Amino acid sequence: MRVFNAHTGISPYQYFLNCKIERAKQLIEKNRDTYSAVAKCGFVDLTHLNKHFKSVYGTTAFEYMSHLN
């Protein structure tokens, strides 16, 4: 874990979360459905996704989806 953290600057768990959030973002862009992203990415509920999504992107998943054209 120390080597991973020294190499990437984040913990393995944070890397895992970032991957899940990125996948959720891709699904939201593709399907325009936040609830399917929640289910497919393994989040407990929309609030759980929004908490992590907002920490990375500065906006909730629904707000992000609303700004897509």
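A residue counts as buried when its relative accessible area is under 20%. By this cut-off F53 is buried, because its relative accessible area is 0%. The model examined here is predicted.

F53 belongs to the largest nonpolar core, which holds 15 residues. A24, I28, F43, L49 and F53 have the most contacts inside this core. Two or more core residues come from each of helix 2 (12-31), helix 3 (34-41), helix 4 (46-57) and helix 5 (61-66). Helix 2 gives the largest share, five residues. Leaving aside residues up to four places away in sequence, L49 touches A24, T34, V38, F43 and A61. The ring of F43 also has a charged neighbour: K20 lies over its face, 4.5 Å from the ring centre.

Three aromatic pairs occur in the structure. In one of them, the ring centres of F4 and Y15 are 5.6 Å apart and the planes meet at 75 degrees, so this pair is edge-to-face. The pair links distant parts of the chain, with F4 in helix 1 (residues 2-8) and Y15 in helix 2, 11 residues apart. F4 is partly exposed, because its relative accessibility is 29%. Y15 is also partly exposed, at 42%.

F53 and Y57 form a tilted pair. Their centres lie 4.9 Å apart, with 45 degrees between the planes. Both residues are in helix 4, four residues apart, and so are separated by about one helical turn. F53 is buried, whereas Y57 is partly exposed at 31% relative accessible area. Ring pairs join F53, Y57 and Y64 into a cluster.

Note on methods
Residues numbered from 1 in each chain as written. Predicted model: local features only at pLDDT ≥ 70, side-chain atom pairs only at ≥ 80, totals over all residues. Heavy atoms only, no water. Core = buried A, V, L, I, M, F, W, Y, C linked by side-chain atoms within 4.5 Å. Buried < 20%, exposed > 50% of the residue type's maximum accessible area, 1.4 Å probe, protein only. Contact = heavy atoms within 4.5 Å. Phe/Tyr/Trp six-rings, centres within 6.5 Å; stacked < 30°, edge-to-face > 60°. Lys NZ or Arg CZ within 6 Å of the ring centre and 35° of its normal.
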